[in-house]
Amino acid sequence: MKKAKLLELDIVRAIAILAVLIIHNSSEATVEIPVGSGSQALYLAVNKLSNFAVPVFIFISGLVLFYRYFDDWSGKKAVTFYLKRVKQVLFPYLIWSAFYYVYNQWIYAPANLHFDWAEFGDLLPWADASYHLYFMVIIVQFYLLFPLMVWLSRAFAWFGRSLFLIGILVQAGGYLYSHWIEPLPHSASLCVTYFSLFALGGYLGMRYEAFIGWINKHIVWVLPLSVLLGCSYAGMFLLAELKGVQFGGLAYMLVFNVYPMFASMSFIWIGRLLLKYLPALSKMLLSLGAVSFGIYLMHPAVLTYWRTHVDNGSGRMLDYHLYTLTAFVLSLGVPWLAAYLYGQAMRRLRPPSSRKQVKSAA
């Protein structure tokens, strides 16, 4: 039986994609503005506070997969699961990798525009066609592992109960290997780097109603702790840059993972609250969350074009702020509109019978 759609998760996706855009739009400001200035510190703080973005998306992926499939998983479901992911993830990854392979040449070296299949193929394993596509590589790894994880969770009750702990152990093992033996190559694109987040999402997805009861009871400390962790994470970078205070890699890794865990749970509670009390804002965020994947894929093209074709101002800080804010608005608005129009076009191209089935299913 198909489970009810968790609308609050689309609101969480909306928050996470906004954080992605904040990270990418503020990245240049953190290095272009002189260190020690108030503006540079502000951009750095906002950038680091938004670093929950990718971990939250990974958490949500684990939650949705286990919520959707845990109760009725089967061998047949495994086949349809993989076929669906090829269509929804692998094809878009190949298409957009090819797009950015050509697009970045057109932007930075138009005189050398070409398409070399061997060169393009070398970019695919670790998403080197564009800086943002590494998330696709991570999520494909989790999709490959998910059928085994859900089967083990169903076959052995202790595995399902211990899924979050197992995720912590896997991630800790990867960290210890990288720290004590040899660095893991491409660690930022390996699922082991985010395993505890996916596992926590999966654990909560298997018992979502119980989680909602728990978060409603404990939000009084979960939300403040989320804020405190976010400020601590940003503060670590500010202290390192402004005061030369150095923290060990373990400290960064712990806060980087714990912060989005509590942020994710807080965002789910906030999403449910908005749905109940602020329907107009919820509608806008639901629309944004529904097209967040398209915005994720498209926004670097808009941002790159803006940065390479528009001067960043007269040198006055106010002009620079306006330049950065305009880049943010465009990198959000243009892909949002394009994704919306694409969705409308696809719906119109469906056969009438298919449209009726989709409407009745909704």
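I first looked up D10 and R13, whose side chains meet in a salt bridge at 2.8 Å, N to O, the term standing for a side-chain nitrogen of Lys or Arg within 4 Å of a carboxyl oxygen of Asp or Glu. Both residues lie in helix α1, three residues apart, which is about one turn of the helix; helices here are DSSP runs of H or I with at least four residues, numbered from the N terminus.

I note that this is a predicted model, in which local features need pLDDT of at least 70 and side-chain atom pairs count only at pLDDT 80 or more, while totals for chains, interfaces and linings use all residues. Residues are numbered from 1 along each chain as its sequence is written, and side-chain values use heavy atoms, with hydrogens and water left out.

I then checked how D10 is placed, and with a relative accessible area of 7% D10 is buried, a word that means under 20%, with exposed over 50% and partly exposed in between (1.4 Å probe, protein chains only). I also found that K5, D10 and R13 are linked in a network of salt bridges.

Next I looked at R272 and E8, whose side chains form a salt bridge at 3.2 Å, N to O. This pair links distant parts of the chain, since R272 is in helix α12 (residues 249–277) and E8 is in helix α1, 264 residues apart. R272 counts as partly exposed at 34% relative accessibility, whereas E8 counts as buried at 5%.

My last entry is the total, and a search of the whole structure finds eight salt bridges.

Technical notes. Helix = DSSP H or I, 4+ residues; strand = E, 2+ residues; numbered from the N terminus.
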